[in-house]
Amino acid sequence: MSNENSHSQVYKLTLKIKRYDPEEKRSWVQAYNLEAGRILRFVDLFRQINDEQDPTLAWNSSCEHGQCGTCSVKVNGKPLLACELLVENAVQYFQTRTFTIEPLNVAPAVRDLVVDLAAAYERIDRVQPYIIQPGSPPSEQDAYPIMPQSLDHYVNATRCINCFCCASACISSHNSFLGPNAMLATIVRVMDPREQEKAKRLKILYSEQGVYRCHSSRACSFVCPKEIDVAHFIALAKEGRILNKS
Ligand code: SF4
Ligand code: SF4
C-alpha cells in the first residue's frame, strides 16, 4: 500500500501516453499505471516505464536540468519540460493523478513523444538569431560593455532555450507566422546595442510572418519554463517600442 502521509510519500499514478508507430503509421493512447515518489520528475517516470513495463516507449531528453529544451511534452494539454515537473507538483497543479502525455504539436511526431523539430528550427534560422552586424566596441580593450539599464530591458528574453513550448501553445493558426520564440530571438537582437543590423530584423518583424499574426493571448508567456514574458516583448514590438530600448 502506498505511504501517502510522510516525506517518502508515494503516489499511484496513471500516465496516458500518446503513442505513434511510424512503420504502421498508427496512433493510439496507452495507459501505464505506476507508483512514484513525490520528488521524481516526469522524465524519471518515462525511464521507469522503460525499465519496468515497456522498453519500446520513445521519449527525448538531454541535460535534464531545464537548460536544453529537449524533453518538452504536453502534460494535460500544457506544454512543459518533463525534467522540471515533479510528481508532487503535477498532482497539486493539475489536481489529478491521471496525466495525459502528448508530444508537442508544433512538429510532426517521429515516434511516441519524439518529434522532428527540423522545420520548427528552420523558422528560428530565418530570423538569424545571432549578431549579424556587430558594431565597433566603444572601449579600447575590444570589450563591448552593455549598460545595466539597457540590459535590464531585454536580458530575460536572452534566457530562451528554444524548447518550443510557447510555439506549441500559440493560438495563432496562421501558417506563415514564425512563432513566438522566433519573434523573441529577433526582438532580442533589435534591443541588443551590439547589433547594427536593425533594418533587416524590423522588416521580418513587421512582415506578414511577423508580430501582427500574434493575437496577444499571452499563452506563450503562461507556459514558458524560463518565465520569459514572451507576449510582453511581442507587444513592445507591435507598439514600435523596441528600438529606443537599446
Ligand atoms: S520563449 Fe520560453 S517557451 Fe518559448 S522557446 Fe523560449 S524558453 Fe521555450
Ligand atoms: S501572445 Fe501571440 S505569440 Fe503568444 S501565444 Fe498568443 S498569439 Fe501566440
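Two strands pair if DSSP finds at least two bridges between them. Strands (E, at least two residues) and helices (H or I, at least four) are DSSP runs, numbered from the N terminus.

This is a predicted model, where local features need pLDDT of at least 70, side-chain atom pairs count only at pLDDT 80 or more, and totals for chains, interfaces and linings use all residues. Residues are numbered from 1 along each chain as its sequence is written, while chains are lettered from A and ligands numbered from 1 in the order in which they are written.

**View 1. E1 and E5 side by side.** E1 and strand E5 (residues 98–102) run parallel, paired over four bridges. Look for lysine 16: its opposite number in E5 is threonine 100.

**View 2. The five-stranded sheet.** Reading across this open sheet gives E2-E1-E5-E3-E4, with mixed pairing. E2 and strand E4 (78–81) are the edges, each pairing on one side only.

**View 3. One face of helix H1.** In H1 (residues 42–52), Phe42, Val43, Leu45 and Phe46 are the buried ones (buried: 20 or more other C-beta atoms within 10 Å of the residue's own; exposed: 12 or fewer; partly exposed: in between; C-beta atoms are placed from the backbone). They fall within an arc of 160° seen down the axis of H1, so they line one face of the helix (the arc is that of the directions from the helix axis to the C-beta atoms). Over on the other side, Asp51 and Glu52 are exposed.
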